[in-house]
Every structure is written in structure tokens, then in C-alpha cells.
Amino acid sequence: MPLSVKLKSNEEESLEKFNKLQTGQDVADLLEIPYGQLLYILYKIPEQNRYSSFEIPKKNGGERSISKPMTSIAILQQKIMPFLHSKYRVKSAVHGFVCEKSIVSNALQHKRQRYVLNVDLKDFYGSINFGRVRGLFLSHPFKFGETAASILAHLCCFKNKLPQGACTSPVISNFIAADLDKRLTSLAQKYHCKYTRYADDITFSYSKKNFPRTLAYFKSQSFIPSETSIGNVLEDTITAAGFTVNYKKVRLQIRNMRQEVTGLTVNEFPNVRRKFILQLRAMIHAWDEHGVVAAEKEHLERYSDKAYKGPEEDLDGSYYKSVVYGKLSFLKMVRGSEDAIVSKLAAKVGQLDSEAPGYIQEIMMNSELFDVFIGHASEDKKDVAEPIFQAGMDAGVKCFLDQENIKWGDSITQKINQALSKSRFFLAIVSESSINKAWPSRELNSAIARDISGEQKVLPLIVGDPTKVLIELPLLKDKLYLIWNNNPEEIVSKINELKN
């Protein structure tokens, strides 16, 4: 029987079933699969056929073993995963595999500290065995029946442990590590430290003069991070929670050296290494200089361990683009979309690829500066706004006009508000048509407010009889205005004078 990822029962009904799991049949009913088929998948299919295992290189050397579940198991895991997340109560110290948290939020907790301690847990998923997972399902907050707990543990485990590659492993690991988080949070409070955990990466930071030796200490007076020993109290606390320290990855970092947390520097604020930005900039430059296909070939020759393994004649630049987009997206996550470096690199990529991902287009739009925003009513678009826009483009005056700058599918309100805030001047095309329309009036009132605060300058352009128009707009009466006389070049020339 073919399996579907989507459950037929509604969310409320499914959650009620989940909360009452006692028997194997209950689990099968929840997952909407015949009980016999469920047992066959979990117990009859040879273990070596349930998952495919492979190695991927780690960032800092070595290899990571990934176990990918077969399709039927993956579907069943995807069905059960939302229910697991619904039961997990996020701890303040936990930043991995939870909504609205990331390596950035994790690193933020430890910025500008005198000491930063990194401790890695050895074989994190591997230390969470079948028994621990089954015990989890038998206890609070699940309290499932023994048969249901056993079947769910079999569904989520491979070779007697949590597989790295199953979608259910991250949330289950957070459940199992809850006792560890509780113990280490208490320890941090006792010694006036900050504590966070991102998966198997544990971090303590300390702002006072001498870091507590019960947590970690330098083997010598050289203060070399690699020469760090873990304190007995911290090691015993981790061991008591059922985990093991990876002694090779215990690092105590002092303020006048580079301090890192989950790969980000935190001496001042969470940031990537300078090398990362230089590499990304070099990749974009190679794309611009030699074309994306040539840049891709050179990249793969230089880094022979990269993911692409197909024939050279099939290279089309798509792999290279995906690497650039991934790096740029990561940089945006860390530094923010308004960061000057992010904006500059996104603008360059946007010029190279008109079909760049939406976040790049959004960064370009958000960072784009306009000389003048042309505010107008639709009745004045063809005869007034469009000629001014064209004259501005011809004269090197960067103008924003809705129909030229807003693309299909864009949020009109968002784009207009962004452009209004990024324009030096607001050209208010005021006519008998515009003064009685809500949208042009809102744009004008917003611009007048910024004019009053000194953020923007409003340039009134009257179409028609000024006495009829200005009587409705008392805030413009004290401003020098120009009269539209089918003279777009003259209007643009005066704007150019104001620019300079």
C-alpha cells in the first residue's frame, strides 16, 4: 500500500490519537497504515536495507556518517515529527533545532565576554540508544504504552541509536538532552556563567577575571585554546546526564584572541570569519570575470572533494550558483540584510543573474537608493509621471515609479514604503485627481512628515489650477511649487540642481 506524507485526519483528531497511544495498532491508526505493513517495514525488512549510509566531510576535518532512511520509513518519520515537536518545551539555553533560534541567536548570548568555553559532546546521536528513546516515550510528557513506545523507538532508531539523517533525530535529541540542559544551567548559575547548547556544541562564557577551574582551565600559562583541560565538575555533570566529552574539542578562549561560538566570532558581535567574506567575494568576481561555467570548472578543480560528481560536459553553472547563493544566504543570516557588505554582494549577484533567489532581489530593493519618488494619481501617470521618469533616467536621475519598479507578485505596500524611505526627494504631482484619492494622499502625508523631520524634501508639482488644488492641501501652501507645463526635462533639470 503506497504511503502518503499527509494525514487524512485533521490536526486536532491526530493529536488526540497521539496523546493516547498504547498499542501497536494505535500507532498504525495514527500513521494511517495497516498494522501488518507497519510491522513489516520495521521488523521484516533487513536492517541494512532500511537505511543508506554515506560519509560527508566535516568543516574542520574528518568525516560525518549520515544514515538516510528508506522512503517508507522517512514518510512515517515525517508523519510523527510534528507531534514530537508539539510536546517539546523549548529551554532558554537550547538554540539548535527549534523555531526562531539559530547559530546566530546562540552566539549572541556570548558576545563581548572575557572567556568563552566550547565543549563538544562525543558521538552525540550515537550515545542516544534505543533504550533511552523507548524510555522517553514511556515517561512524561508522552507516557505511551509499552508496545507503542517500542514501535515508535524502532521507527526513530537505526542500529540501536538515533541516526544522523532522520528528521525525527534532532527533536528527540533535545528531549533526551533536557536533563543535561537542566544540570548545566544550574552549574552556570552557580558560577555566574552563561550557558547555551546547539546540538552537541556546549558553550559557557564568563565576564569576570578568573574563569572557574571547576569548569575548565589552561594546561599552561600560554592561554592557547587547544591546551585546555575540562574541569572535573563540568565533566562529571555531563557524564551524569549520559553523555561523553570530546576532549579534542575543548577550547577556552580569552578576549584578546578570536573567540568563536558555533563557527561565528563573538568578540564584538556574531560574525563570520573574514576569510569567508573574501572567498565569497572572489567567487562572485570569478563569475563576473570569466562567466559562471568557467568559474564552476575552476572551483571544482580546486576543491576536488566538492559535491558535484557528474561529467564535465554537463556543467552549466547551476552548482556554482547554488554555492554562491548558499554562502550569501548564510552571510545575510549572520550579519543581517541591511549590512553594507551583504547589500553590495547581493547587488553584484543580482546584476549577474536576473533570476537570482527572491531574498537577493529583496536585499537589492531594500538597499537601493532613489533620487526621487514620483508620487501621483493613476490619471496623471501617462501624461505626467511617465515622461518625468523617462527624462530622469536619460539625465541620470534615479526615479522610482510604481509600474517600473514593482514586479509581478511583489507586495505593493512594502515596495512603496521601502522606496519612500530610500528617496531623497518626493515629487508630489498634485492635481484635482490626486487630492481626492486615498493612496496618493497617504504617500504625500507620509512624505510631508519626513520633510518636517528633515529626512526627505517634498517637491510640489501642480497640474492644473494651483488655487483649486492647494486649498485642499494646506501643508503645501508655504512651499515653493512648480507648474506642470509639459516640461519633464525642465523638472528633471531642477531636481539635478538640488542633488548637486
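The entries below follow that order.

**Basis.** I worked from a predicted model, in which local features need pLDDT of at least 70 and side-chain atom pairs count only at pLDDT 80 or more, while totals for chains, interfaces and linings use all residues. Residues are numbered from 1 along each chain as its sequence is written, and side-chain values use heavy atoms, with hydrogens and water left out.

**Helix pair.** I looked up helix α5 (residues 71–87) and helix α9 (residues 169–176), whose axes come within 9 Å and cross at roughly 30°; helices are DSSP runs of H or I with at least four residues, strands are runs of E with at least two, and both are numbered from the N terminus. Axes are lines fitted to C-alpha atoms, for helices over the stretch in contact, and angles run from 0 to 180 degrees between N-to-C directions. The two helices, α5 and α9, are therefore roughly parallel to each other, a label for angles under 35 degrees. I noted that Leu84, His85 and Lys87 of α5 make the contact with Val171, Ile172 and Phe175 of α9, where contact means heavy atoms within 4.5 Å.

**Sheet.** I then traced an open sheet of four strands in the order β4-β5-β3-β8, with antiparallel pairing; two strands pair if DSSP finds at least two bridges between them. The edges are β4 (194–198) and β8 (245–254), each with a single partner strand, so one side of each has no neighbour in the sheet. Between β4 and strand β5 (residues 201–206) I found five bridges in the antiparallel sense, and Arg197 stands opposite Ile202 in β5. Helix α10 (residues 178–190) lies across β3 (115–121), β4 and β5, and runs at about 155° to β4.

**Pro270.** I located Pro270 in the loop between β10 (264–265) and α12 (274–290). Pro270 is buried at a relative accessible area of 7%, buried meaning under 20% and exposed over 50%, with partly exposed in between (1.4 Å probe, protein chains only). Leaving aside residues up to four places away in sequence, Pro270 touches Val104, Ala107, Leu108, Leu264, Thr265 and Val334.

**Backbone angles.** Most residues other than glycine have a negative phi, and most peptide bonds are trans. I therefore marked Glu100, in the loop between α5 and α6 (103–108), with phi near 65°; Glu100 counts as exposed at 84% relative accessibility. Asn160, in the loop between α8 and α9, has a positive phi of about 70°. A cis peptide bond joins His140 and Pro141, with omega about 10°.

Definitions and conventions
Parallel < 35°, antiparallel > 145°, perpendicular 65-115°, else oblique.
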